[in-house]
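This report describes a structure for a reader who is new to it. Please look over the sequence and the model before reading on.

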Amino acid sequence: MKKRIIIIGGGYIGAELAKSLDDAAEVTLIEQNSHFVHAPAMIRAVVDPDILDRALIPYDGLLKHGRLIQDRAQSVSETGVTLASGEQLEADFIVVATGSSNAVPFKSNGADIETLRAANARVHALLSTASTVAIVGAGAVGTELAGEIAHGYPDKKVHLISSEPQLFANFPEKLGRKLAAKLEHAGVVLVLGARAENLQSLTEPYSGTLILSTGQSLAADLIFPVIGSKATSTLLEALPEAKLGRNQRIKTDVWMRPSTYDNVFAAGDVAEMGDAMTIVATSRQLTWLKKTLTALVNGQKIEDLKPYTPFQKAPILVPLGPVKGNSFLSLFVAGDFLTSLLKGKDLFLSKYNKLLGKG
Ligand SMILES: Cc1cc2nc3c(=O)[nH]c(=O)nc-3n(C[C@H](O)[C@H](O)[C@H](O)COP(=O)(O)OP(=O)(O)OC[C@H]3O[C@@H](n4cnc5c(N)ncnc54)[C@H](O)[C@@H]3O)c2cc1C
C-alpha cells in the first residue's frame, strides 16, 4: 500500500510537489481554485490582458494518478484534513502550502478565477485611460510594474514611490543602481525615501492624492498599493505550538514542521524558515521536500535525513518589460540580455504551462 500524502494549496510548492510525488505516493492535492495563477505574468497582464490565457492555467492536466480536489481546506490534524464541504480525508503526511495574498489584480486572494479575471479587466481599463500612475512600494512587484507600464504605455507619467533610500537595498548596490537608471531613462519618476501616509487601500488600486512623509502631495489617476505579501496562515495558526513570524508567516523547525505534529510540514510563502517569499525560494524548498518525502514514504526516519538550509544569497530576476531589466544571479549582476532571456521575454509561462500539462 502506498503512503497517503495530502498537499494543501496548488501554488508553486503544491503543484510541483504533487506532480513530482505522483508515482511515489497516493497524492491528494487540495486547491480552492480551478486554475493555477502564475504571479509573475499577472504584472504584465495589467498592461496586456491577452497574456491571461497562459497565466491562468487549469489544473486538469497536472496529475496522472493522484486526486485533485477543488475545495478549501478548513482544518488540519495529525491524521488528516477537513474540507469546507465537510468531507474528511486521512493522510500519512500533510504539506500545507497555502501561500500568501497580495494586491488586486495580482493574486486571487481566495476569490475564484472569474473574479480575478474581472479585477484584471477593471484595472486594465483604469490604466488605459490614466495619464498619471503612482506605484507605492518598490519591491520586485512594484519595480516590475513600473517597467511594464513604461514599456507598454511610454506616454503615461509613472511615479515609483519607496520608503527605502535606494532600490533593492538587500542586494548588491549595482542591481538597484542599474534598475533605477533604466527606469529613469524610460521616464519613470523615482520618489525614494518617502512613505505614503494616507493609502486609502492596501490591496485595491484607486484614484486619488497621496500625501508623502516628505510633505509632498501627488495626485494620480491610478494608485497601485504594492506593499508586499501576507501569508495565508489560518490553518497553521490553529496547530499545537505554532508560532507566528513576520507577515503572518508561521515559523518551522529545520524539518519544515510548524507544530508538534511530526508528519505535518509547511513550505513556501506561508512558512518562515529563513527564505524570502519568492518562487526562487520555493524552488530550493521543493528539492528538499521531494527528497525528504520520498525517503519518508519509503520508511526512512526524518532524523536520519538532512535538515533544510535556506538560501544564503538568493538570486533575483527583475525584468522591466520584455526587453530590459537586471538580475542578481548569486555571483554577478546581469543586464538586459540575460534578464530578457531568462525571464523578461517569456516570464516562465512555458515552464508552468508544461508543468500543468498544457503543451
Ligand atoms: C505579482 C507577483 C509577482 C511575483 N513574481 C515573482 C517572481 O517573478 N519571482 C519570484 O521568485 N517570486 C515572485 N513572486 C512571489 C511568488 O508569487 C510567491 O513566492 C509564490 O506564489 C509562493 O508560492 P506558494 O506555493 O507558497 O503559494 P501560492 O503561490 O500563493 O499558492 C498558494 C495556493 O494555495 C491555495 N490555498 C490557500 N488556502 C487554501 C485552502 N485553505 N484550501 C485550499 N487551497 C488553498 C491558493 O488558492 C493558492 O493557489 C511574485 C508575487 C506576486 C504577487
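## Sheet and hairpin

Three antiparallel strands make up an open sheet, in the order S20-S21-S22. Strand S20 (316-320) and strand S22 (333-334) are at the edges, each with a single partner strand, so one side of each has no neighbour in the sheet. S20 is joined to strand S21 (residues 324-328) by five bridges, and the two run antiparallel. In this pair, Leu317 is opposite Ser327 in S21. Strands here are DSSP runs of type E with at least two residues, helices are runs of H or I with at least four residues, and both are numbered from the N terminus. Two strands count as paired if DSSP finds at least two bridges between them.

Five bridges also join strand S14 (residues 206-211) to strand S15 (residues 217-225), and these strands run antiparallel. Tyr206 is opposite Ile223 in S15. The hairpin of S14 and S15 has five residues between the strands, and Gly215 takes a positive phi near 95° there.

## Basis of the model

The model is predicted: local features need pLDDT of at least 70, side-chain atom pairs count only at pLDDT 80 or more, and totals for chains, interfaces and linings use all residues. Residues are numbered from 1 along each chain as its sequence is written, and side-chain values use heavy atoms, with hydrogens and water left out.

## The ligand and its shell

Of the 34 residues around the ligand, the nearest are Glu31, Lys107, Asp269, Ile279 and Lys343; a residue is near a molecule or strand if one of its heavy atoms lies within 4 Å of it. Helix H1 (12-20), strand S2 (26-31), helix H2 (39-47) and helix H8 (279-297) each contribute at least two residues to this shell. By class, the shell has 16 nonpolar, 12 polar and six charged residues. Nonpolar covers Ala, Val, Leu, Ile, Met, Phe, Trp, Tyr, Cys and Pro; charged covers Asp, Glu, Lys and Arg; the others, Gly among them, are polar.

A polar backbone atom of Tyr12 is 2.9 Å from an oxygen atom of the ligand, and a polar backbone atom of Ile13 is 3.0 Å from an oxygen atom of the ligand. For Lys107, a polar side-chain atom lies 2.7 Å from a ligand oxygen atom. The ligand taken alone exposes 1000 Å², and the protein buries 90% of that. Polar contacts are pairs of N or O atoms within 3.5 Å; within protein, one must be able to donate a hydrogen and the other to accept it, and residues adjacent in sequence count only if both atoms are side-chain atoms. Accessible areas come from the Shrake-Rupley method with a 1.4 Å probe; for residues, only the protein chains shown count as cover.

## The loop between S10 and H4

Pro105 lies in the loop between strand S10 (100-101) and helix H4 (113-129). The peptide bond joining Val104 and Pro105 is cis, with omega about 5°. Asn109 is also found in the loop between S10 and H4, and its phi is near 50°, a positive value in a residue other than glycine.

## A pocket

The second largest pocket holds about 250 Å³ of space. A pocket is an open set of points on a 1 Å grid over the protein atoms alone, with protein on both sides within 12 Å along at least five of seven lines; lining residues have an atom within 4 Å of a point. Among the lining residues are Arg284, Trp288, Leu305 and Tyr308. The lining has four nonpolar, three polar and three charged residues. Grid points are joined across faces, edges and corners, and a volume is the space filled by probe spheres set on the points.

Conventions. On a 1 Å grid over the protein atoms alone, a cavity is a set of points where a 1.4 Å probe fits but cannot get out, and a pocket is an open set with protein on both sides within 12 Å along at least five of seven lines; lining residues have an atom within 4 Å of a point.
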